[in-house]
Amino acid sequence: MKKEISFAVVLISFLLITVDSSAQEKSTLLNPEQYLFPAFNTGKVGMKNGRELKVNLNYNIVTEKMVFMQKGLIYDMTDFANVDTVTLLDKKFIAAGKGFMEITDKGKYTLLFQHIGKIETPPRPAAYGGTSEVSNSTYINNVKIGNEVYRLQNDPDLVIKREVFYWIKTSDRLENFLNEKQLVKIMPDLKDKIRLFIKQNKIKFDDPQNVIKLINYCNTL
Amino acid sequence: MKTFKKTYRINAEPADIYSALTNPYTIELWTGYKAVMSEEPGSEFSLWEGDISGKNLEFIKDKKVVQEWYFGDQNENSIVSITIKPDNGNSVISVEHTNIPDDEYDGIAEGWDEYYFGAIKTFFNPNF
């Protein structure tokens, strides 16, 4: 059953969550590899009306949901319209569509990270939604329904591959890029300077910190 | 049976619109739900956790997506053709959706406007 609840419904309940209970919940977190952070931590949810709430948070990279823990249960945060910024440890997140993306420093070009977790399983008969027996082992995979992934506890075949997709927010729109060619297409006027900076600083597009450095440079031009 | 036809204009590159229609991780951002999608003709797709499902028929990268949408046991296939054309840095998207059951037409039309391309437009043109 999908555990989804309107964020607004539980606003008052958020205030009741204590640091002690979150510490207890950290030790029971199952399948931490599906989350961006290894444990739930107290984060700040800044609302558009100016209120700020402290909530026990994490980000599920498989379901691409900001999630919060309350009394041992994990809920998706679904009230995107009223949330301004979510701050969790060293990262800030902003609502993008009906999900959240990590946002770096705002500028003429604002860089955002879409954190995803690709579920990869070895090819087997009835791999999805069923059970199959191969070489005296039983494999159970029920990965196709959103939060069902929570129930893939201790599945030895479950592999989550972490990836980061890059997005740029320009003055009026969001654009996706993965490499130099796609970035230059977004900023054609800066083509030569971008290429020179990449060469001189040995920027690697598979390293988000390198990409932050590059976009920070673009914002100085 | 009815046919839905409409053109949408979105401030986004055709490649980004195409990705929003075919990349399951991007679909999940603008729908808010888990999606099953690939660019392989013949593969099954599922959006909004199965509220919309069907079979992928044809892809032309950054230009066209053709799908069959499932509507229960009806005899005639319901085909969705989405074409994307560039227009001054924007995208003009034409949708043709054939053989929609009469009693589902209004909901489907509203869905295309609000939940599908309305949501994609909001996603690509955020207010922050």
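1. Two strands are taken to pair if DSSP finds at least two bridges between them. On that basis, β5(B) and β6(B) pair in the antiparallel sense, joined by eight bridges. Within this pair, Ile82(B) stands opposite Val95(B) of β6(B). The model under review is a predicted one, and the points below should be read accordingly.

2. The overall content of chain B may be stated next. Chain B holds three helices and six strands. In sequence order, the elements of chain B read β-α-α-β-β-β-β-β-α. The C-alpha atoms of chain B occupy a box of roughly 45 × 25 × 25 Å along the principal axes. The radius of gyration of chain B is 14 Å, which agrees with the value near 14 Å that a compact globule of 128 residues would have.

3. The six strands of chain B form an open sheet with antiparallel pairing, and their order across the sheet is β1-β6-β5-β4-β3-β2. The edges are β1(B), residues 2–10, and β2(B), residues 44–47, each of which pairs on one side only. From one strand to the next, the twist averages 25°.

4. Strand β4(B), residues 64–69, is joined to strand β5(B), residues 78–87, by six bridges, and the two run antiparallel. In that pair, Lys64(B) faces Thr83(B) of β5(B).

5. Helix α1(B), residues 14–22, touches β1, β3 (52–60), β4, β5 and β6 (90–100) of chain B. The direction of α1(B) makes about 155° with that of β5(B). Helix α3(B), residues 105–124, also packs on the sheet and touches β1 and β6 of chain B. The direction of α3(B) makes about 15° with that of β1(B).

6. Helix α2(B), residues 24–31, meets helix α3(B): their axes come within 9 Å and cross at roughly 95°. Angles of 65 to 115 degrees count as roughly perpendicular, and α2(B) is therefore roughly perpendicular to α3(B). From α2(B), the contact uses Leu29(B), Trp30(B) and Thr31(B); from α3(B), it uses Ala119(B), Ile120(B) and Phe123(B). By class, the contact of α2(B) with α3(B) comprises five nonpolar residues, one polar residue and no charged residues.

7. How do the axes of helix α4(A) and helix α5(A) cross? The axes of α4(A), residues 191–201, and α5(A), residues 208–218, come within 11 Å and cross at roughly 140°. The two helices are therefore oblique to each other, and their crossing is right-handed. Ile194(A), Phe197(A), Ile198(A) and Asn201(A) make the contact on the side of α4(A), with Lys213(A), Leu214(A), Tyr217(A) and Cys218(A) on the side of α5(A). These residues divide into six nonpolar, one polar and one charged.

8. The last point concerns the contact between the chains. Chain A gives 19 residues to it and chain B gives 22 residues. On the chain A side, at least two residues are supplied by each of β7 (91–96), β9 (110–120), β12 (159–169) and β13 (174–177) of chain A. Which element provides the largest share of the side of chain A that touches chain B? That share, three residues, comes from β13(A). By class, the side of chain A that touches chain B divides into six nonpolar, six polar and seven charged residues.

Conventions: Residues numbered from 1 in each chain as written. Chains lettered and ligands numbered in written order. Predicted model: local features only at pLDDT ≥ 70, side-chain atom pairs only at ≥ 80, totals over all residues. Contact = placed C-beta atoms within 7 Å. Helix = DSSP H or I, 4+ residues; strand = E, 2+ residues; numbered from the N terminus. Nonpolar A, V, L, I, M, F, W, Y, C, P; charged D, E, K, R; others polar. Axes fitted to C-alpha atoms, helices over the stretch in contact; angles between N-to-C directions. Parallel < 35°, antiparallel > 145°, perpendicular 65-115°, else oblique. Left-handed = near helix turned anticlockwise from the far one by under 90°. Rg over C-alpha atoms; globule rule 2.2 N^0.38 Å.
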